[in-house]
Amino acid sequence: MSAAPHAPHSSSIASIGEFVDDGVVRRLLHASQLCALVVATVGALVLIGWQADIELFKSIHSELGAMAPASAVAFVFAGVSLLLLRPDYDGTRLGSVARVLPWVVLAISGMTLAEYLLHINLGIDELLFRDPAHEVQAAYPGRMSIIGALGFGLLGTALLLIRHDSRTAHRLARLMALTTSVLLLMGLLSLLYGRQSLYARPIFHGVALHTIVALLLLAFGILALQPARGFKTLLASAGAGGKLSRRLLPFAFLTPLALGWLRLQGEQADLYQTGVGVDLMVVAMVLLFVSVIWWNALLLDVADTKARRAKAALREAADEMVDLYEHAPCGYHSLDADGVFVRINDTELSWLGYARDEVVGKLTFLDLLTPGNTNFFEESFQTFKFQGEVKDVEFEMRRKDGSLLPVSLSATAVRDAAGRFVMSRYTVFDITERRLARQALARTNELVRLRLTEIEQIYRYAPVGLCNFDREYRYVRINDRLAQINGFSPEAHIGKTIWDMVPELADHLREIYRPVYERGEPVLDVEVHGRTHQDPETDHDWLASYLPLKSDNGEVIGMTAVVLDITERKRTEQALRESEAAVRALSMTDPLTGLANRRRLDEALRSEIHRVQRYGGRLSAVITDLDHFKRVNDEHGHQVGDSLLNEFAHLIRAHCRETDLVARFGGEEFVILMPEVGVAEALACAERMRSALAQQIIPPLTQPVTASFGAAELVPGESEGSLLRRADKALYRGKAAGRNCVVLAEAETLVGMERRGA
């Protein structure tokens with residue numbers, strides 16, 4: 001990746017994420033800016049020192065020599081140029097100034113080197129300030145040293161090259177900064193270890209300590225400007241190599257300097273001879289490097305162990321997700337934009353009788369449909385691609401052996417960032433049983449219609465109420481059963497209207513009869529509710545069907561009614577519903593505590609997570625476990641243990657809202673599901689329960705019983721299993737921490753779960 005023009009900072013930052021450590025890169029960039037600011041400040045302070053004759057600013061110490069005024073000016077220009085080397089200033093006046101300043105630094109360096117090489121005086125050495133006392137310890141008054149001029153030349157050139165959008169230019173800039181650093185380090189060592197050797201060289205004559213330090217800072221600032229390039233890529237790496245290099249480099253740099261200085265100090269103090277000093281230095285370096293290597297190896301081993309455990313946990317979770325996908329009780333498959341299978345689970349493959357490699361990438365969904373469903377699917381698929389969702393659409397799929405599989409499909413569309421259709425995901429349900437039930441119902445209705453055509457033959461002896469009306473709603477014929485229902489004799493009905501015989505139902509019946517008379521359509525299986533003349537105090541239910549009577553030319557001339565008293569059946573159905581409700585309640589209830597059981601909890605948890613994911617809101621879960629419950633069972637018996645569980649269940653229920661679901665998770669473990677509650681409120685509620693339990697004694701126990709609690713709040717994209725698992729982990733961290741506590745669950749990374757669950 002090449003740098004953006006004139007934007008080395010943005011180039012470095014653009015590399016953050018995949019190869020380098022974001023925090024290290026930013027710290028290096030900030031260090032570069034800090035170095036630029038320090039260098040410019042040093043130059044400014046030296047100029048102030050020359051102007052105000054402040055010895056501390058000029059030379060730090062009289063024996064170390066003063067910084068040349070030209071060097072101070074070059075530091076100010078170079079520091080400001082490095083400080084302005086930011087993309088924010090591109091195209092601005094400050095950006096233009098930053099491009100000019102390195103040329104000034106190069107000019108000062110070039111003229112000084114020319115003075116040394118050509119043995120001339122261009123008048124720049126004392127242009128700003130006179131140096132009569134020869135404070136600048138160079139060959140000429142006020143002139144910077146050769147190493148200083150050479151350093152400014154190299155670093156000024158590096159400042160110019162770093163702005164070019166060229167890898168070669170950037171490499172040359174880094175090489176110049178490194179070369180300058182090596183030369184300056186030699187000068188710094190001469191000051192630290194003594195001037196007998198290097199200071200005898202003309203190139204180092206007149207160099208001041210703060211000149212060397214400031215040049216080193218300037219070189220480091222240029223190098224730190226591109227932390228994700230060159231040799232610094234490993235230094236800024238987010239991997240183990242980067243961490244190791246960041247730990248070892250400072251040690252490798254400072255240790256030889258410190259040991260060398262200590263050795264020289266010992267020799268100069270006549271504590272030992274040169275050979276002994278070398279021996280001591282070598283032994284010390286071996287011991288220190290072995291210690292550092294051992295320490296880093298230990299850290300790497302710990303990190304590797306953690307990584308292996310994390311990989312194992314991730315692999316286990318992935319295997320669980322794959323198993324859930326492949327062996328779900330329904331079929332799952334995904335189609336690309338052309339309708340070709342890109343994924344299908346084992347359940348659907350077993351239904352269809354195909355192997356995976358026979359379907360994925362080879363067959364389209366149309367290949368598995370019957371001819372009668374193909375056109376319908378093509379039309380609905382285009383609509384689906386536009387709308388992005390379809391629910392409960394029925395098709396017939398053809399198995400590999402040619403048999404048909406009736407299915408109900410629901411699908412969602414997957415789109416890219418531009419909103420283009422990419423693929424679709426389908427949920428498939430086998431509706432064979434549903435279709436058989438439907439067919440059975442249709443056959444029953446058909447049987448009813450056939451029997452109604454025979455009503456004239458079995459009219460008199462039919463066990464149901466039967467009658468005929470004319471166009472004016474008058475009774476023309478009625479059997480004994482219907483007459484008995486109405487509370488009058490059959491003869492009393494003849495010629496009378498419904499308003500005469502059943503006035504309380506007449507208006508309602510007329511609306512029911514309307515389709516029969518106006519359109520000649522039968523009205524089947526209508527439920528009528530009301531009271532009769534024979535039993536005015538009791539509500540009755542009837543199931544009635546009304547069929548038109550037509551003349552030879554098709555005109556409706558009357559109607560036949562078939563009435564069945566279903567009062568007892570309704571009562572039986574109501575009793576059955578109440579019984580089923582009671583059975584369901586029992587199946588959802590823990591028989592010991594009366595709380596919800598695991599099945600009820602699973603249903604409620606799925607429902608609440610669906611609600612939060614669709615409509616927003618919050619959801620927290622608390623898992624609690626009685627401490628040392630096995631000890632209670634062992635010492636007092638299971639009856640006391642059951643009593644304790646009941647008391648604990650009542651305590652939990654007393655501290656929860658009506659909207660909270662309290663369930664027995666198993667054994668002495670309970671789960672509290674708290675809709676629209678954040679984790680802070682859940683923790684507070686758990687703490688109240690923990691405190692209340694710890695302060696009471698439950699007979700026949702003589703000591704308070706404690707419990708541990710783990711609380712977690714649902715995070716986006718999290719499943720019910722993950723929420724309970726995090727709360728359970730928090731609970732067991734509380735157990736490990738000494739029990740009788742409330743612990744907040746740690747967040748888990750959910751990377752890729754949606755993609756794998758697709």
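Which side chains meet in a salt bridge at 2.5 Å, N to O? In this predicted model, the side chains are those of R435 and E396. R435 belongs to helix α15, whereas E396 belongs to strand β3, so this pair ties together parts that are 39 residues apart in sequence. R435 is partly exposed, having a relative accessible area of 21%, and E396 is likewise partly exposed, at 22%.

A salt bridge also joins E394 to R438, with 2.8 Å between the closest N and O atoms. E394 is found in strand β3 (residues 389-398) and R438 in helix α15 (residues 432-453), so the pair ties together parts that are 44 residues apart in sequence. The relative accessibility of E394 is 27%, and this residue counts as partly exposed. R438 also counts as partly exposed, with a relative accessibility of 41%.

R514 pairs with E518, and their closest N and O atoms are 3.0 Å apart. Both residues lie in helix α20 (residues 503-519), where four residues, about one turn of the helix, separate R514 from E518. R514 counts as partly exposed at 32% relative accessibility. E518 has a relative accessible area of 52% and is exposed, because this value is over 50%.

In total, the count comes to 29 salt bridges. In general, side chains of opposite charge can pair when their charged atoms come close.

Definitions and conventions. Residues numbered from 1 in each chain as written. Predicted model: local features only at pLDDT ≥ 70, side-chain atom pairs only at ≥ 80, totals over all residues. Heavy atoms only, no water. Salt bridge = Lys/Arg side-chain N within 4 Å of Asp/Glu carboxyl O. Helix = DSSP H or I, 4+ residues; strand = E, 2+ residues; numbered from the N terminus. Buried < 20%, exposed > 50% of the residue type's maximum accessible area, 1.4 Å probe, protein only.
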